[in-house]
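Me: I would like to learn how to read packing features from a set of coordinates, with each criterion spelled out before it is applied. Could you take me through one model step by step?

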Amino acid sequence: MSAVTDSMAQRTGRTLEEWVELVRGSEVDPLDQNAVRRWLRDVHGVKQNSQWAIADAAARAAGWQRPTVDEYVDAQFTGARAALRPVFDAVRTAAESLGEDVVLEGRGTYTPFVRRRQFAAAATATSSRLDLGLRFVDPPASARLQPAKGPGSATHKVALTTPDDVDDEVRALLRAAYEQNG
């Protein structure tokens, strides 16, 4: 994000602060980030990455606060999917034990685990299955590993239904993804 904002004036002709003021003076609700992005694209021809940075900054200036990672996670495990929270917690514990450089990020529909880049992601696939997406350059042999195009930037996934599914094999797969993405 900082790379986008640092070069904003060069790419768009305005600084981030100038764009925020322009949004504030428009008739677009700064808290409606989709509407701000559409307005920036349609009226001003702003490219996608800049749209996201401007919309985020305008919403923050208007008082919006980004949800915390735990708020994103809590929202993913409500209703029928609440029963999968212990499975997610087992995955989180296993991923965070890999190193102090593991960072969780908040997303609306999945939770990425990031080192230098995303190495794993957890998402509720159904009300009874959590998919653990893993990003591999060189996938290890495992009968439980299935090719995937998500969640996140996963190349493979493992289906999990109980906390006990996060066993030594899954922890080894997590470690391999962690090591290949650092």
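Me: What should I know about the model before reading any values?

Reply: This is a predicted model, in which local features need pLDDT of at least 70 and side-chain atom pairs count only at pLDDT 80 or more, while totals for chains, interfaces and linings use all residues. Residues are numbered from 1 along each chain as its sequence is written, and side-chain values use heavy atoms, with hydrogens and water left out.

Me: How many residues does the largest nonpolar core have, and which have the most contacts inside it?

Reply: A nonpolar core is a set of buried Ala, Val, Leu, Ile, Met, Phe, Trp, Tyr and Cys residues joined through side-chain atoms within 4.5 Å; buried means under 20% relative accessible area, exposed over 50%, and partly exposed in between, with a 1.4 Å probe and protein chains only. Here the largest core has 29 residues, and those with the most contacts inside it are Phe113, Phe119, Leu132, Leu134, Leu160 and Leu174. At least two residues each are supplied by helix H7 (85-96), strand E3 (118-126), strand E4 (129-134), strand E6 (156-160) and helix H8 (168-180), where helices (H or I, at least four residues) and strands (E, at least two) are DSSP runs numbered from the N terminus. The largest share, 6 residues, comes from H8. Another core, of 16 residues, lies apart from it, with Trp19, Ala35, Ile54 and Ala58 among them.

Me: How is a pair of packed helices described?

Reply: Two packed helices are described by the angle between their axes and the distance between the axes. Axes are lines fitted to C-alpha atoms, for helices over the stretch in contact, and angles run from 0 to 180 degrees between N-to-C directions. In this model the axes of helix H3 (residues 16-25) and helix H4 (residues 33-44) come within 12 Å and cross at roughly 100 degrees. That makes H3 roughly perpendicular to H4, given that angles under 35 degrees count as roughly parallel, over 145 as roughly antiparallel, 65 to 115 as roughly perpendicular and the rest as oblique. Trp19, Leu22 and Val23 of H3 meet Val36, Trp39, Leu40 and His44 of H4, contact meaning heavy atoms within 4.5 Å.

Me: How many aromatic pairs does the structure hold?

Reply: Rings of Phe, Tyr and Trp (its six-membered ring) pair if their centres lie within 6.5 Å; planes under 30 degrees apart count as stacked, over 60 as edge-to-face and the rest as tilted. The structure holds 3 such pairs. Phenylalanine 77 and phenylalanine 88 form a tilted pair, 5.3 Å centre to centre with 40 degrees between the planes, and both residues are buried. Phenylalanine 119 and tyrosine 178 form an edge-to-face pair, at 5.5 Å centre to centre and 80 degrees between the planes. Phenylalanine 119 lies in strand E3 and tyrosine 178 in helix H8, so this pair ties together parts that are 59 residues apart in sequence. Ring pairs also link Phe77, Phe88 and Phe113 into a cluster.

Me: Is threonine 109 buried or exposed, and what does threonine 109 touch?

Reply: Threonine 109 is exposed, with a relative accessible area of 59%, and is found in the loop between strand E1 (103-104) and strand E2 (111-114). Not counting residues up to four places away in sequence, threonine 109 touches Gln76 and Ala123. Alanine 123, in strand E3, counts as buried at 11% relative accessibility.

Me: Which peptide bond is cis?

Reply: Most peptide bonds are trans. The bond from glycine 150 to proline 151 is cis, with omega near 5 degrees, and proline 151 has its place in the loop between strand E5 (146-147) and E6.
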